[in-house]
Amino acid sequence: MKLLASSAKLGNPKAAYNLALLYLDGQTLPQDLKRAAELLRVAADAGNPEAQYALATFYKEGTGVPKTSTRQCGYYRRRRWPITSTPRSNTPSRSITAPARRRTRPAAVALLRKAAKQNSPIAQNRLARVLLSGQGATMDKVEALKWHIIAKTAGKGDPTLDEALATLSAEDRAKAQEGARIWLGNK
């Protein structure tokens, strides 16, 4: 931990990003959203795409920083992930009609998967929404529910996902719960 903190203090973007995740998680270090945002800014300014996405989400939601339009904060523009919000959803979504944006969708989903696997409940719910909609990844409602259950276990619920996934069959719900149980047990 001391080496990671020292490396982040010296401006190492990977160390800053990883330390931010620890402050965000609140298990290894006490949760400090403001410090996490500061560290994400260091990593984002150095070009780390995961940090850019996370920091833009922080600005959008007002987590550890003043709430700001993601278009104003600039971190989505840097990665060419423009954000729009629908009235029903607070999750980032992108136009499905722009060919240049289609090329970046798999990369964005890959980053969401990586962040989800690194125990980010926000990314886990975002990934669940992608898997539920089938935009950017193959639609998989069972996998979507699995990630949503994992995020809920970490205390990050999403009523919209609860509603959308409520129609799954008992068999599919059992598969998702088993997948979440296995993932949480291996954590």
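Predicted model: local features only at pLDDT ≥ 70, side-chain atom pairs only at ≥ 80, totals over all residues.
Local features require pLDDT of at least 70, side-chain atom pairs count only at pLDDT 80 or more, and totals for chains, interfaces and linings use all residues. Residues are numbered from 1 along each chain as its sequence is written, and side-chain values use heavy atoms, without hydrogens and water.

Two packed helices are described by the angle between their axes and the distance between the axes. Helix H2 (residues 13-25) packs against helix H3 (residues 33-45) at an angle of about 160°, and their axes are 8 Å apart. H2 is therefore roughly antiparallel to H3, a term for angles over 145 degrees. Helices are DSSP runs of H or I with at least four residues, numbered from the N terminus; axes are lines fitted to C-alpha atoms over the stretch in contact, and angles run from 0 to 180 degrees between N-to-C directions.

Gln52 belongs to helix H4 (residues 49-61). A polar atom of the Gln52 side chain lies 3.1 Å from the backbone oxygen of Ala44.

Leaving aside neighbours within four places in sequence, Trp147 is in contact with several residues, including Leu127, Leu131 and Trp183. The C-alpha atoms of Trp147 and Ala123 are separated by 9.1 Å, although these residues are 24 residues apart along the chain.

Conventions:
Helix = DSSP H or I, 4+ residues; strand = E, 2+ residues; numbered from the N terminus. Polar contact = N/O pair within 3.5 Å; in protein donor to acceptor, adjacent residues only side chain to side chain. Parallel < 35°, antiparallel > 145°, perpendicular 65-115°, else oblique. Contact = heavy atoms within 4.5 Å.
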